[in-house]
Structure formats: structure tokens, C-alpha cells
Amino acid sequence: MKIAIGCDHAGPQLKSLIVKFLEEKGHEIEDVGTHTEDRVDYPDFAHQVSELVAKGSCDWGVLICGSANGVAMSANKHDGVRAAIAWKPELAALAKQHNDANVLCLPARFVSSEEALDMVDAFATASFEGGRHEGRVKKIGWPLAMAGWLCGWAALGMAQDVSLVYPELAAKYAATIQAEQLNQHLSVLASDAYEGRETGTAGADKAAAYIAGYFRSLGIAPYDGETYMQDVPLESVQIQGASMTYGEEAWSLYDDFVLYPGLKEEVLDSLPVVFAGFGIADSLWNDYAELDVEGKVVVVLSGDPRNADRLSYVTNELGPNQWSEGPEAKRIAAAAAGAAGLVVVESQYGMTKGRLKGWIGRKSVRLQREETPNGEGTDLPTFFVPERVGDVLLADTKAKSVAKSRTTAQRKGRVWRGEVKDQRLSFVLDRARRSFVGANVLGYIPGRDSVLSRELVVITAHYDHVGIIDGEIHNGADDDGSGTVTVLELAEAFAMAAAAGEGPRRSVLLMTVVGEEKGLLGSEWYSDHPVFPLSRTVANLNIDMIGRVDEQHSDDERYVYLIGSDKLSTELHQISEAANGKWVDLALDYTYNDPEDPNRFYYRSDHYNFAKHKIPVIFYFSGVHEDYHKPGDDVEKIMFGKTAEIGQLVFHTAWQLLNRNERIRVDVANDFPTKN
Ligand SMILES: [Zn+2]
């Protein structure tokens, strides 16, 4: 058995006797303290033991304080915990036999050591009798499902009723979040001097330095004693050119082929070439049957084979299918067969080239790590060539030409497949890389409760934007200057409360992240390399673009879109709603909280990197507007009154999460699926 044990300053001596006693009986002990007679608060230890029992990490628990009342009251607040006070062995045994107690509470000032050990022994050896006691024990809990004998209104009322803790302090410090100060910060960060804050540029570094300097001025200590920055190793990559040779032929990028830029290999050296028809691996049509493509370059035709009536030989249907629509299924089939590369002979090469050209030439920024995960199923090198090039590839085979292959396929329902003799294909990619370091900026304010402060709420916004494009500075005042300065104001509010000894019980991490515009990179890095354990991260509140109105709300600015609030934790949603109802009263718009919504905003800002680790999130957002990612996203257009109100809502929600006795529970199966 694994047994949790804890006490306040009345119990350390008795506790160590019990620990020794239980260990001698072969039990494993989780001792949460306290270990000295210095004064402490009993709930801090009672909650820890109860958590361990409630979560099933321990089989049962022992709690000790002077009278046993305080620890019992605290423990019994936990769902699934049944804590019993005993002062003689018979009571300890009965608590188990009749009440299925799982925490034994001992009054250190009223029992001798011998009596206490006898009680522990009685409790350890007794077992629940079930039977008529079973139904009674079940009635102890107070979940709504059981309250059937209450009238409906009461049950409904309870579902909505979240008690809000420390309301006066919450109101006092929320009021420090003000439009004027937001304006002051944003007038700096969204000025031309910051050059649009693109990740990897001096402008972004300057913004990071400004934020860190502000944290310092608030009296927030560096999170590790030295710095506010978390280094994020990044790499920018840009394709400069590429060439392909085949026998005597030399082909060049764009004119003769295009490629998927995400490929890992930069060289394919003199590889054999295999023609695999349409590249389909399906039950009615399998181009890979008895074909060895291991380590070779596979050449396939675009589309799927169809008869004269346009019926697909693969599906016997007229409509499109996974093989006829785009190359993804063919890439996966080729990779599964062991191919080293795939060449798709495109019947509409011009269109494919047009679609890929901008993507190939673009500079991309990514996290620097050993393995770059690819979300698209495979990173098999994939090329697209016009039929003219396809004809050269097929010239010395029985397929003869692209047109001939297609005609045979249509008429006869089959196609010649096989290795091309005596020819080899090579490929060289010229890719420029630059390594650099970006930084997440962290303002960590420790909680005032010795135990709960191990847990934290993370509040985020991204300080990077898209920089200078075609000579024009994109200041990103709304995206996400508005969120960044709100985080600064939240930092001030929490820092003031902490300095006055009125700070939250749990810790709060105010983090502005880098690399969001490059693909949520800073938050991805943090969630892969968390400075504070994700297991102790209660929630993430993420703020991205809250300073403008969108078309749907052009006549009333007092609204905010909330995304994610009910996706993992019912309590988070209830707290958010209750805090808004009591203090802020903004219209909460859940339009984008729908997995069916085509905008997929749930996946488009930094909270996603917390949600994918099952940490409850809320994304605060006021929608897109005509200046989104344009040079006109400037500070003059920001509605600071509205921004401050949303900031206050974030504050109140965080305040509740930070101060409640119990951490919010994850109790909902997320209907937004996690991306690969
Ligand atoms: Zn943004």
C-alpha cells in the first residue's frame, strides 16, 4: 500500500513514529511534511494529502493536527476523500468498516503515541463492509447527479454558481489596468523604431529588452536569479536554387521542375529511377505490386486512371478520390514502399509551378532541433515536372511516353511499370541557413502560499510581428502589441498585489513569446522546454489582438471572443463567465469556439501549445480587421478602453484560478483534435 501522511506543527513527532511504524509493516510512505515545529497552516498539508488520495496516487492517508478538526475539514472538501477523526482504535476501525474512510485524522494533543499507533493499525487492517453501508457512503458526496431530490432550479443554480474568492482585492488590483498606461507602452513598442518586431531582427530584440526592463522596474526578480529571457534557438532557411540531372540532361528549378520546400535531403546522388504508373497503392489498382522501389526515385503520373466513361479504375466511381486529388496519398504510398524520392509528372505543370513558386522562394524560420517534425505525414523529397520532362524519363522504357501510358491505362486498365535501365537521377539543393537565438520574456511572480505556489497560471501574448515587407514597416499595434502591453499591465497589477503582501496564493508567469508569426515557435519551445513544470501549470490565458473591432461588432466595441474556455475544464469556463458577470460585463462571443468554424483560430495562437498538453486555456481575441498583417495596423487605431476591460477580465479570471483552494480540474474531452 502507498500511504500519504501530513501534519501541522502539532504533529511532526507523532508523524515520524507513524511513518516508521507503517514502513516496518512494508508500506510505502509519501510524507508531505511539515517536518519541524515552526508554525504552519494545517490546510496546506491537509490538501496535499487529500490530493494524493483523491487522485489515487496513494491508497489512503493520515493527517495530524492538534484537535484533528482542521485537517478533517480541509480534507473533506476534496471529492472522493472521506476523512474521519478518531481518538480510539474502535472508532478508527469503524470509520473504515462503515464509512469507507480513506483518510485518518488524529488529534495529536489528545492521544498518546501508543494510542495513535493502535489507531493507525486498526485503520490499516480494517476493511469496508459494503452492503447497507455502500448506499449511505454514496450519498455522502454532493455531485449534481445525485441531487435528484432537489428541485430543478436549485441544481441549475448550482451549476452556474462559482464562488469568487478574495473579491475586494481582485477589484482593487484589476482597477490598476488602465487605458492610459496601455497607450504609453504601445506607443513605444508599436513605433517605427521597433521595425515591426520580426523574429530574428534587431526590432524584436529591442522589444524583448523593453519588456524585460519593465519587469525589472516592477520589482519582479529574474525567474532564475539572472535573466528574464528564455533562449529560443531558431534557424532561418531559404532556398536559393536547385538542379537536377538525368543522364545527359540538366534540369533547372522552375523551368523544368518544382519541389516541396520542406524536404530534409539536400542531395540525391545518382539514384536509379523506377516508373510506377500512377503511384497508386489501392485494392483495385496497385502500382507497387511486385515493384522494387527501395532507395530509388519513383516517377508517377498525376491523377488516377479512368476509362472512356471517366470512371476511375481505382474506385469505379466518377467523382474525385484521394489519388486523383493532389499528391499527398501518393507521397505516403511511395514513402511506405521505401522510395528515396518522388517525381510527379504533372498534366498541368504551369498551375502547380504557380502555386509552389512563392512557397519555394520564401524565407522560413523554424525551431532549431535535431529532428524537424513534419506535420504532413511524410517529408519524402517530392518533385513536380512537366510532361516534356516526363517523356525524357520514360523514353527508354516500354511505357515510351507519358501520353502513351495514359492512353494504355484508359483503354486497357493497366500500365507498364518498371525500372528505367542505365540511367541515374541526381539532385542538388542550394539552401541558405542562418542560426540565431530568439527570446521568450518571462516575468515570474511567486505565490504567497507555501504549498499552492508550486502551481502556476501562465499568461501569454506574442511580442513579435512580421517586420518590414516591401520596405513598409508593419507595426503590429493590434497584432499583438495589444496583447503584449496588456500582459505588461497585468504584470504591474500582480506585482503591486505581491509587494503589498496581498498577492495571489499560486504563482503567475507573465510571458511574452517570440516567433508566433513564424508558426507559434516561441510557445512551442516553451512547452517543449518548460521553465516551470507543465504538470503544475493550472491554465494558460493567451491574449492575441484585443484592440480593435471586427465587422460583426462594428457598432459595439464591448465584446471579446473567447476560444477554448470550456474545452478541457468545466470550472475554467464557469469561473470565466462568473468573473465577467460580476466585474466586467463584456459580451462574450463564442463564435470561434466551434471545431467546425472554418477559421480554426483555436490552432492559430500560442495557447494551442499549452492546450495540446491538456492544460486548460482561454484565448482572448477581438477578431480580424482590414489592417490585419498590413502596414496600417497602427497605434492610433487601438481602442484602449476596450483593451483595458479585456485585460481586467483576464486579471479577474486569473485571480480566481490563482487563489482558489483547489486547482481547476480537467474534466472535458476536448472536441478540438490535437494536430500531429
Ligand atoms: Zn497574433
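Trainee: How many residues lie between β6 and β7 in their hairpin, and which residue in the turn has a positive phi?

Mentor: Strands of a sheet pair through backbone hydrogen bonds, either parallel or antiparallel. Here β6 and β7 form a hairpin with 2 residues between them, and Gly 247 in the turn has a positive phi of about 55 degrees. Strand β7 covers residues 249–252 and runs antiparallel to β6, to which 4 bridges join it, with Ser 243 standing opposite Ser 252 in β7. Strands (E, at least two residues) and helices (H or I, at least four) are DSSP runs numbered from the N terminus, and two strands pair if DSSP finds at least two bridges between them.

Trainee: What should I keep in mind about the model and its numbering?

Mentor: This is a predicted model, in which local features need pLDDT of at least 70 and side-chain atom pairs count only at pLDDT 80 or more, while totals for chains, interfaces and linings use all residues. Residues are numbered from 1 along each chain as its sequence is written.

Trainee: Which other strands does β6 pair with?

Mentor: Strand β6 (residues 229–246) is joined by 17 bridges to strand β14 (residues 418–445), and these two run antiparallel; Met 229, for example, stands opposite Val 441 in β14. Strand β12 (residues 364–367) also pairs with β6 in the antiparallel sense, over 4 bridges, and there Ser 364 is the bridge partner of Val 237.

Trainee: In what order do the strands of the 5-stranded open sheet run, and is their pairing parallel or antiparallel?

Mentor: The order is β2-β1-β3-β5-β4, and the pairing is parallel. At the edges are β2 (28–31) and β4 (83–85), each of which pairs on one side only. Neighbouring strands of this sheet are turned by 25 degrees against each other on average, direction ignored. Strand β1 (residues 2–7) pairs with β2 in the parallel sense over 4 bridges, where Ile 3 stands opposite Ile 29 in β2. Helix α2 (residues 42–54) packs on the sheet, touching β1, β2, β3 (60–65) and β5 (103–107), and its direction makes about 170 degrees with that of β1.

Trainee: At what angle do the axes of α1 and α5 cross?

Mentor: Axes are lines fitted to C-alpha atoms, for helices over the stretch in contact, and angles run from 0 to 180 degrees between N-to-C directions. The axes of helix α1 (residues 12–24) and helix α5 (residues 113–125) come within 10 Å and cross at roughly 45 degrees. The contact is made by Leu 14, Leu 17, Ile 18, Phe 21 and Leu 22 of α1 together with Ser 113, Ala 116, Leu 117 and Val 120 of α5, where contact requires C-beta atoms, placed from the backbone, to lie within 7 Å.

Trainee: Why does Glu 524 count as buried?

Mentor: A residue is buried if 20 or more other C-beta atoms, placed from the backbone, lie within 10 Å of its own, exposed if 12 or fewer, and partly exposed in between. Glu 524 counts as buried because it has 20 C-beta neighbours inside 10 Å. Glu 524 lies in helix α16 (residues 521–528) and, leaving aside its neighbours within four places in sequence, is in contact with Leu 367 and Asn 609. The C-alpha atoms of Glu 524 and Asp 606, which are 82 residues apart along the chain, are separated by 7.7 Å.

Trainee: How many residues does the protein chain have, and what share of them count as buried?

Mentor: The protein chain has 676 residues, of which 46% count as buried, and it contains 19 helices and 22 strands.

Conventions: Contact = placed C-beta atoms within 7 Å.
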